[in-house]
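These are my notebook entries from an afternoon of looking things up in one structure. I wrote each one down as I went.

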Amino acid sequence: MTVVLILILLILIGLACVLIHRDWRLKYFSRPLYALFRRILPRMSDTEREALEAGTVWWDGALFSGHPSARALHAIPAPRLSDEEQSFLDHEVATLCAMVHDWQVTRQDLDLPVEAWDYIKTHRFFGMIIPKEYGGLGFSASAHSAVVTRLASRNSALSATVMVPNSLGPAELLLHYGTEEQKNHYLPRLARGEDIPAFGLTSPWAGSDAAAIPDHGIVCKGLWQGEEVLGMRVSWDKRYITLGPVCTVLGLAFRLYDPDGLLGSEPDIGITCALVPRDHPGVEIGRRHFPLDAMFMNGPTRGHDVFMPLDFIIGGPQRAGQGWRMLMECLAAGRSISLPASYAGMAQLTARAVGAYSVVRDQFHTRIHKFEGVIEPLARIGANTYLMDAARSMTAGAVDLGEKPAVLSAIAKYHVTERGRNVVNDGMDIIGGKGIILGPQNFLGRAYQQIPVGITVEGANILTRSLIIFGQGAIRCHPFVLAEMRAAQADDPEQGLADFDVAFWGHMRHAAGNKMRAIGHGWTGALLARPDTDVAPSMARYYRQLTRFSAAFATLAETSMLVLGGSLKRRESISARLGDVLSQLYLISATLKRFEDEGRQATDAPLAHWAIQDAFCRAQDAIDGVLGNFPNRFLACALKVLLFPWGRSFSAPSDTLSASVADVLCTPGAARDRLTRLAYVPDALEEPVGALESALQAVLDTQPLDARVREFEKSGQIPAGDPRANVRDIAEAVHAAGGLTDEEYERLRARNDLRDRVIAVDDFAPDFQGPSGSETRL
């Protein structure tokens, strides 16, 4: 035995000597491994490389590292609006919201009111991202996000109309890539609303696979303004183009070819982005799609052999073929800001309105928010809304810091829209019949109807989850994998070997450290994973578990990439579950940061606890799904024993915690206001949400009187057979029997009028052509 141990020790010492000595390491280990990598690694296409290299790595890199720092998380600046941005949100945005009524837009006018369009243009809503030197507002990404959130709580057409020109579109592309001449011409016009932009990307034949668009242009010579110039003949067929029917300038993505070598020796130049005036000869535009009664302008555009000069290319001819990278980097704006903001707005409206409705509405002589069956969905609504806004704010803040978070933007888009779907579904379950009758009094029906729109655009959520989040994140966010791939495909093999040697052995040290850390935290329950800065005592456990889960995720990801190799891309379900783990860790991080940034508000703690515990449960489910379907069963069992030897660390949030979250939604106060801080809440009683706010306060103010009415009813003092002794008119019967003073009865009667207004639904003429009315009695 002693001899064996000595031999093992000598072998290890020998290996260490070889690895330490660079020349020996290169000769005996790195060079053979490098040759193997170059042989088996499939060569990346230009579009694959550009997609992987687009954007930046931010907090996702910390999570992939297996050792996220609480200090670094807290050090990320909390997004703050400037005084100018806050004033715009409080005044111009509120004024615009008041101009738009959901039913009028979606049923009667099928468009935003003319005065709303004029106000949008006059007050430069289309120019929020355009710098002031070009006449825009020069707002931050956080302000852009906040504006869209508030608009979305009012009407989907309103939010979509404003958000698209400020996300993926001509303005965004011009700012980053346009020539000075293009910027000076278009940006002031876009900021003033003289030009309305749209961007044509999606082809019927490519769908979510934007890199495969068949739309094409051929470099050629042609006549332009009476002179022969070098240009291109472009043919396209696009659909789902927001603002397309009303745009005055159209952005186009197409693949450019140069078969005659007029620009150089490369016949396939690549995906190119151009900017074309609507009235340019050959541009076909103007019809509309009908996206689930969401009346934002959306439609197809086409053109066949439309000649345009090369100057139409965004950035000029030198940017020809660079469109895919341009699009990949600018897509982060739509995914990071617009869609998360839209669904956060829907969620905040749902939380505020449904919470109030559950207090106002009685069933079985009980306010429905007291039923445990209602408390459960109320808790999901509240906690998901808190988490969604945390993710929205943190991701938009990353853009303000100069990041282009490609992976985190996909996480925000997928998970905020999916949780938004769940929030609205829960809200519809609670309000019941009120929600299924469309009309001016329905505050949630259109949101429920239109939820699939955002889930489908910017890449269908199914594909975002199964192909992008981990598929891109595993390579982009890993500290060493992309460097290894670059080295393996280097044109200079010797330089590639040197780079590979650094990346590969750094990878090995990183992987070994993560495995040791993951096993240690697994067996100790992360008790030794102390946060590296002061944290809220009630949240300390979550910081420790975030470190533990991050190390476990890094180990599981490394193992999956090693065992499955290139086939992991085809194992979409495993890839999706790994992406789910990464996503939940990011959502947990955003929630912890929100709680910290907002001053550790005690009344918000139930929201944070519920959201974080639920996210950890989802992460555990995803890990169980990976291990349960891992092709190497021995390795799966070994990983489970090493990483989670004591089983699951988190159970679903308790009923007691759920009740505390539901109370936040149902109780006017600072916590409810913070939760729904960006929802537009009108004052007018004619507005369903305004009536709900008044009814909620009236119900809470008259609770002592309700208790007296119930006691009087039980006392038997109401004359037998009094037809008013029913759930609707009981206060009238008690008043008539002397149980209430005139002043007390008047307070209850006013409250009941508000109650009746809130629970009323609309009715229409039999042919639905006449004006609508609302029930005032049940």
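Is Thr106 buried or exposed? Before I answer, a reminder to myself: this is a predicted model.

**Entry 1: Thr106**

I looked up the accessibility and got 4% for Thr106, so it counts as buried, the cut-off being under 20%. Next I checked where Thr106 sits, and that is helix H8, residues 102–109. I then followed its side chain and found that it reaches the backbone oxygen of Asp102 at 2.8 Å. For the contacts I skipped residues up to four places away in sequence, and Thr106 still touches Asn155, Asp293, Met295, Arg446 and Gln450.

**Entry 2: from Asn155 to helix H11**

Asn155 was on that contact list, and I wanted to know what else it does. I found that Asn155 caps the N-terminal end of H11, with a side-chain oxygen 3.0 Å from the backbone nitrogen of Ala157.

How many of the residues of H11 are buried? I got 8 of the 8 in helix H11 (residues 156–163), so the helix is largely enclosed by the rest of the structure. I jotted down the names too: Ser156, Ala157, Leu158, Ser159, Ala160, Thr161, Val162 and Met163.

**Entry 3: the cores**

I had read that in soluble globular proteins, nonpolar side chains tend to be buried together.

The largest nonpolar core has 122 residues, and Trp59, Met539, Phe553 and Leu592 have the most contacts inside it. Which helix gives the most to this core? My answer is helix H24 (residues 605–628), with 14 residues. Apart from that core lies another one of 54 residues, and Trp236, Met295, Met308 and Leu678 are among them.

Leaving out its neighbours within four places in sequence, Met539 is in contact with Leu592, Phe595, Ala605, Ala608, His609 and Ile612.

**Entry 4: aromatic rings**

A search of the whole structure gave me 17 aromatic pairs. I wrote down Phe549 and Phe644, an edge-to-face pair with 5.6 Å centre to centre and 65 degrees between the planes. This pair links distant parts of the chain, 95 residues apart: Phe549 is in helix H22 (residues 540–564), and Phe644 is in the loop between helix H25 (633–643) and helix H26 (655–666). I checked burial as well, and both Phe549 and Phe644 are buried.

What about Phe764 and Phe768? Their ring centres are 5.9 Å apart and their planes are at 45 degrees, so I called that pair tilted. Phe764 has 24% relative accessibility, so it counts as partly exposed.

Going back to Phe549, I saw that ring pairs link it with Tyr542, Phe616, Phe644 and Phe650 into a cluster. Arg541 lies over the face of Phe650, at 4.1 Å from the ring centre. I found a charge over a ring at Tyr386 too, where the charged end of Arg594 sits 4.1 Å from the ring centre.

**Entry 5: strand S7 and its partners**

How many of the residues of strand S7 are buried? I got 9 of its 12, so strand S7 (residues 298–309) is mostly covered. Strand S3 (residues 227–242) runs antiparallel to S7, and 9 bridges join them. In this pairing, Arg233 has Phe307 of S7 as its bridge partner. Strand S6 (residues 284–285) is also antiparallel to S7 and is joined to it by 2 bridges. There, Glu284 has Arg302 of S7 as its bridge partner.

Most residues other than glycine have a negative phi. I noted two residues with a positive one.

Tyr240 has phi near 65 degrees. With 48% relative accessibility, Tyr240 counts as partly exposed. Arg124 has phi near 60 degrees, and I found it in the loop between helix H9 (114–122) and helix H10 (141–152). Arg124 is partly exposed as well, with a relative accessible area of 29%.

**Entry 6: Gly200**

My last stop was Gly200, in strand S1 (residues 197–200). Its relative accessibility is 0%, so Gly200 counts as buried. Beyond its neighbours within four places in sequence, Gly200 is in contact with Lys238, Ile241, Leu250, Gly251, Leu252 and Ala253.

Technical notes:
Residues are numbered from 1 along each chain as its sequence is written. This is a predicted model: local features need pLDDT of at least 70, side-chain atom pairs count only at pLDDT 80 or more; totals for chains, interfaces and linings use all residues. Side-chain values use heavy atoms; hydrogens and water are left out. A nonpolar core is a set of buried Ala, Val, Leu, Ile, Met, Phe, Trp, Tyr and Cys residues joined through side-chain atoms within 4.5 Å. Buried means under 20% relative accessible area, exposed over 50%, partly exposed in between (1.4 Å probe, protein chains only). Helices (H or I, at least four residues) and strands (E, at least two) are DSSP runs, numbered from the N terminus. Contact means heavy atoms within 4.5 Å. Rings of Phe, Tyr and Trp (its six-membered ring) pair if their centres lie within 6.5 Å; planes under 30 degrees apart count as stacked, over 60 as edge-to-face and the rest as tilted. A charge sits over a ring if NZ of Lys or CZ of Arg is within 6 Å of the ring centre and within 35 degrees of the ring normal. A polar contact is a pair of N or O atoms within 3.5 Å; within protein, one must be able to donate a hydrogen and the other to accept it, and residues adjacent in sequence count only if both atoms are side-chain atoms. Two strands pair if DSSP finds at least two bridges between them.
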